[in-house]
Amino acid sequence: MARADPAAWHRRLDRAVELPAEDALMGWVWLAVIGAGVFALLAVLKIDRLLWTMVASALMLGAAGYALQGQPGLAGHPVTTGLAPAPDDSAMLELRDQMLERYTGAAAYLVAADAMTRIGDRRAAVQVLLGGIRIAPKSLVLWTGLANALSAHDANQVSPPALFAFQQAMRLAPKHPAPPFFLGLAYVRAGEFAMARPYWAKALALTPANISYRGEIATRLAMLDRFLAMQDVPNAGQK
């Protein structure tokens, strides 16, 4: 293999160093231009000279920060908000509204929290519902909504705060099927299917036969039972 030409290698190295140096120089030039522009503006506006020292100090701090960390040669990239939009769950929201339709005094808080959840701001959804609970601390709707929001906020896990909110909703309305149903749903989303089963069974038992959404609960419970049975078959074969 032929040896690389040392002169050519040094030329490439110089070229690689030259571009960042030019970028840094341009950064300092623009910093000087900005500083001159600021002082010119202060003169035009006839700002008291005593305030100029404050401006100069701010520019010096900026220059020091640029000297330490400035990297004008870095490529630009789009700015992201850090919010992860939630997948569409309109069917479950519709079922929730059906189950809680007779308790709609706090519906505005649910609507606002749903909007925050859709754009991925789960923390804001929790805060909205907490604000509603401060006004209506005995609202079944708000405690159930808060429990759902806390579970979503905590990576779809039944965290201690979420469990407390579900339990509070069940204490407030022990004969309503919504709190146990959505607690079971939270366990399903967390992958804890066996934990979900008794809550969905309780929700079905609490739902009157003539209620429109009873079939929805029964269908989900039947699907969960089939899934749990499929899990038991391989386990039985290993015994």
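Reader: What span does helix 6 reach from its first C-alpha to its last, and what span is expected at 1.5 Å a residue?

Author: Bear in mind that this is a predicted model. Helix 6 has 14 residues, and the distance from its first C-alpha to its last is 20 Å, which is close to the expected 20 Å at 1.5 Å a residue.

Reader: What is found at the start of helix 6, and what follows the helix?

Author: At its start, a side-chain oxygen of Ser139 comes to within 3.4 Å of the backbone nitrogen of Val141, and a polar contact requires a pair of N or O atoms within 3.5 Å. After helix 6 comes Ala155, which has a positive phi near 60°.

Reader: Which residues of the largest nonpolar core touch the most other members, and which helix gives the most to this core?

Author: The largest nonpolar core has 43 residues, of which Met99, Leu129, Leu146, Phe181, Phe182 and Ile217 touch the most other members. The elements that give two or more residues to this core include helix 3, helix 5, helix 8 and helix 10, while helix 6 gives the most, with 8 residues. As a general matter, nonpolar side chains tend to be buried together in soluble globular proteins.

Reader: Which residues does Phe181 touch, not counting residues up to four places away in sequence?

Author: With those residues left out, Phe181 touches Met92, Leu95, Met99, Tyr199, Trp200, Ala203, Ile217 and Arg220. Phe181 is also one of the buried residues of helix 8, as are Phe182 and Tyr187.

Reader: Why is the pair of Arg96 and Asp114 called a salt bridge?

Author: The limit is 4 Å between a side-chain nitrogen of Lys or Arg and a carboxyl oxygen of Asp or Glu. The closest N and O atoms of Arg96 and Asp114 are 2.7 Å apart, and the pair forms a salt bridge. Arg96 lies in helix 3 and Asp114 in helix 4, so the pair ties together parts that are 18 residues apart in sequence. Arg96, Asp97 and Asp114 are linked in a network of salt bridges.

Reader: Why does Arg96 count as buried?

Author: The relative accessibility of Arg96 is 8%, and since the cut-off is under 20%, a residue with that value is buried. Asp114 is buried as well. Leaving out residues up to four places away in sequence, Arg96 touches Leu110, Asp114 and Phe182.

Reader: How do you know that Asp225 and Arg197 form a salt bridge, and why do they count as partly exposed?

Author: Their closest N and O atoms are 2.8 Å apart, to be set against a limit of 4 Å. Asp225 lies in helix 10 and Arg197 in helix 9, so this pair ties together parts that are 28 residues apart in sequence. Partly exposed residues fall between the buried limit of 20% and the exposed limit of 50%; Asp225 has a relative accessibility of 28%, and Arg197 has a relative accessible area of 31%, so both are partly exposed.

Reader: How many salt bridges does a search of the whole structure find?

Author: The search finds 4 salt bridges, and one of the pairs is Glu216 with Arg220, whose closest N and O atoms are 2.7 Å apart. Glu216 and Arg220 both lie in helix 10, 4 residues apart, which is about one turn of the helix.

How values were computed
Residues numbered from 1 in each chain as written. Predicted model: local features only at pLDDT ≥ 70, side-chain atom pairs only at ≥ 80, totals over all residues. Heavy atoms only, no water. Core = buried A, V, L, I, M, F, W, Y, C linked by side-chain atoms within 4.5 Å. Buried < 20%, exposed > 50% of the residue type's maximum accessible area, 1.4 Å probe, protein only. Contact = heavy atoms within 4.5 Å. Expected span 1.5 Å × (residues − 1). Polar contact = N/O pair within 3.5 Å; in protein donor to acceptor, adjacent residues only side chain to side chain.
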